[in-house]
Amino acid sequence: MRDKDRWVLTDGAWTASASERDRTIADPATGEPVGGFPAGCAEDVERAVGSARRAQPGWARTAPAERAACLHRTAGRLEARADELAALVTREMGKPIGDSRGGVAAGIGTLRQYAELGPLHRGRSLQGGWDATDLMVHEPRGVVAVITPWNDPVAIACGLVGAAVVTGNAVVHKPSERTPHTGALLAELMAEELPPGVLTMVPGDRHPGEVLAAHPGIDLVAHVGSTAAGRAIAAVAARSGAATLLENGGKDPLIVDAGVDVKWAAGQAATGCFANAGQICTSAERVYVHRDLAEEFLAALVQRAEELRLGPGTDEETTLGPLVDRAQRDVVDRHVRGAIEAGARLLTGGYVPEGPGAFYPPTVLADCMENMDVMREETFGPVAAVRVVESFDEALELARESRYGLAATVLTPSMANAQRAWRELPVGTVKINAVFGGAPGGAAQPLRASGHGFGYGPELLDEMTHTKVVHLRPLP
């Protein structure tokens with residue numbers, strides 16, 4: 001694995017961390033060590049931020065087309081090492097290898113997207129006096145701290161780093177401590193096509209992330225991760241004056257209306273609840289099904305769950321890999337146990353398997369109620385928590401009752417209900433009759449505890465810049 005002296009990227013060179021603490025990442029399928037990494041420290045952060053601040057003014061003066069060309073070449077480097085990156089994702093967090101390849105491909109596509117959009121990101125002229133020029137122009141914020149999660153470590157980092165770099169910012173990247181080797185390899189490949197210091201990286205756990213978010217040399221903190229971490233970042237950024245871009249946790253509802261094809265709806269629910277072992281920001285975490293089809297739907301959902309093949313992500317036949325680690329499995333099992341104790345019916349799954357790794361079977365719970373953690377708090381595991389409702393009105397009312405506001409899915413044959421749903425659900429993304437998918441370039445703003453700001457699409461370029469108004473008039 002990675003050499004111990006190549007963990008902190010500053011000024012275009014890899015050096016050793018000053019941290020006196022080390023950590024080890026384990027393969028979640030086998031429990032065997034993947035490799036060690038430094039826990040990171042304030043000195044690492046100081047060096048990285050200093051390097052980025054020195055590099056940023058020159059990078060901001062670089063022509064947008066030249067910045068875009070660097071991003072295109074970066075995408076090419078990732079493409080050449082795509083299989084290696086995907087294999088590393090699977091080893092560190094357990095995702096089935098096909099899904100890991102898809103995440104890397106999505107990251108490469110995102111880099112190319114921002115390489116094309118960057119030079120087209122423009123301000124506008126204003127209609128002022130005849131003898132004056134009035135403009136609104138976008139300028140880079142400066143140094144952007146990019147703090148990324150483990151569940152899709154390549155695609156998310158490529159989007160945030162790509163948008164920041166192409167608009168003239170320098171970036172300090174802190175990848176998740178659950179996928180440190182993936183983050184380091186990604187930074188290494190991206191930095192090879194950028195001037196020294198434009199992209200820096202610090203490794204480590206929560207501590208260097210907190211130091212980075214609070215550093216006075218950071219102008220914007222872009223974070224994707226848990227709500228608790230996002231709120232902590234927002235608090236420290238409020239003191240430092242840095243802007244924040246946050247995509248936090250979710251508790252996304254899935255409504256199954258009367259009149260839909262039951263087997264199709266069960267397939268949609270299984271995908272929404274179990275894909276990537278339920279470890280997707282927009283996984284379906286609570287299911288509201290109309291009583292008219294509830295019994296048949298639950299039977300079909302159980303069948304779908306039991307058809308999934310649980311195994312290591314390295315096996316091409318695996319359709320459900322392990323959870324990222326046993327700590328996350330403990331959270332999932334605690335939510336399931338608590339629901340059963342409170343009256344939920346366990347229809348399948350719901351146990352901790354014997355043997356190595358962090359596996360947890362796809363689980364279906366019926367008779368779930370809103371006071372259960374499995375319906376209230378982010379579970380982030382392969383669990384379908386189902387509640388039967390009497391009407392679409394009841395489903396919509398219950399779906400709205402959450403402190404989160406990331407996304408929601410509605411399966412319905414009624415265009416009237418679909419129209420009501422997308423207008424009334426207080427979330428950033430509403431998907432009608434498809435649990436995943438959507439046109440490229442879509443950009444949503446999460447609500448409530450799920451964060452704020454555009455995390456994707458052309459609008460992400462706006463988040464990475466600030467707007468300046470210029471009034472230019474000649475001397476009289």
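## Cavities, a pocket, a helix and salt bridges

The second largest cavity is lined by Trp7, Pro175, Ser176, Glu177, Pro180, Met201, Pro203 and Gly204. The structure is a predicted model, in which local features need pLDDT of at least 70 and side-chain atom pairs count only at pLDDT 80 or more, while totals for chains, interfaces and linings use all residues. Residues are numbered from 1 along each chain as its sequence is written, and side-chain values use heavy atoms, with hydrogens and water left out.

**Cavities**

A cavity is a set of points, on a 1 Å grid over the protein atoms alone, where a 1.4 Å probe fits but cannot get out; lining residues have an atom within 4 Å of a point. Grid points are joined across faces, edges and corners, and a volume is the space filled by probe spheres set on the points. Searching the whole structure gives 2 cavities of 30 Å³ or more.

The second largest cavity has a volume of about 30 Å³. Its lining has 5 nonpolar, 2 polar and 1 charged residues. In these classes Ala, Val, Leu, Ile, Met, Phe, Trp, Tyr, Cys and Pro count as nonpolar, Asp, Glu, Lys and Arg as charged, and the others, Gly among them, as polar.

The largest cavity has a volume of about 50 Å³. Of the 14 residues that line the largest cavity, Arg286, Ala399, Tyr404, Gly405 and Val427 lie nearest its centre. Strand S12, helix H13 and strand S17 are the elements that give two or more residues to this lining. Helices (H or I, at least four residues) and strands (E, at least two) are DSSP runs, numbered from the N terminus. By class, the lining of the largest cavity holds 7 nonpolar, 2 polar and 5 charged residues.

**The largest pocket**

A pocket, unlike a cavity, is an open set of points with protein on both sides within 12 Å along at least five of seven lines. The largest pocket holds about 1,500 Å³ of space. It is lined by 48 residues, and Asp152, Ile280, Thr282, Gly437 and Tyr456 are those nearest its centre. At least two lining residues come from each of H4, helix H5 (153-166), strand S10 (220-224), strand S11 (243-247) and strand S19 (429-432). H4 supplies the largest share, 7 residues. The lining of the largest pocket divides into 22 nonpolar, 21 polar and 5 charged residues.

Helix H10 covers residues 294-307, 14 residues in total. From first C-alpha to last it reaches 20 Å, close to the 20 Å expected at 1.5 Å a residue; the expected span is 1.5 Å times one less than the number of residues. Buried means under 20% relative accessible area, exposed over 50%, and partly exposed in between (1.4 Å probe, protein chains only). The buried residues of H10 are Ala294, Phe297, Leu298, Ala300, Leu301, Val302 and Ala305. Their cover includes strand S12 (252-256), helix H9 (262-274), strand S13 (284-290), strand S14 (345-348), strand S15 (363-366) and strand S16 (383-389).

Thr200 lies in strand S9 (residues 199-201). With 0% relative accessibility, Thr200 counts as buried. Leaving out residues up to four places away in sequence, Thr200 touches Leu9, Thr10, Ala48, Ser51, Ala52, Val171, Val172 and His173, where contact means heavy atoms within 4.5 Å.

**Salt bridges**

Side chains of opposite charge can pair when their charged atoms come close. A salt bridge is a side-chain nitrogen of Lys or Arg within 4 Å of a carboxyl oxygen of Asp or Glu. By this rule there are 31 salt bridges. The table gives some of them.

| Salt bridge | Closest N and O atoms |
|---|---|
| Glu79 with Arg112 | 3.0 Å |
| Arg178 with Asp325 | 2.7 Å |
| Glu377 with Arg403 | 2.9 Å |

Glu377 lies in the loop between helix H12 (373-376) and S16, and Arg403 in the loop between helix H13 (392-400) and strand S17 (404-405), so the pair ties together parts 26 residues apart in sequence. Glu377 is partly exposed, at 24% relative accessible area, and Arg403 is partly exposed at 37%.

Glu79 forms a salt bridge with Arg112; the pair links distant parts of the chain, from helix H2 (residues 64-80) to helix H4 (residues 97-117), 33 residues apart. Glu79 is partly exposed at 48% relative accessibility, as is Arg112 at 29%.

A network of salt bridges links Arg73, Arg77, Glu192 and Glu193.
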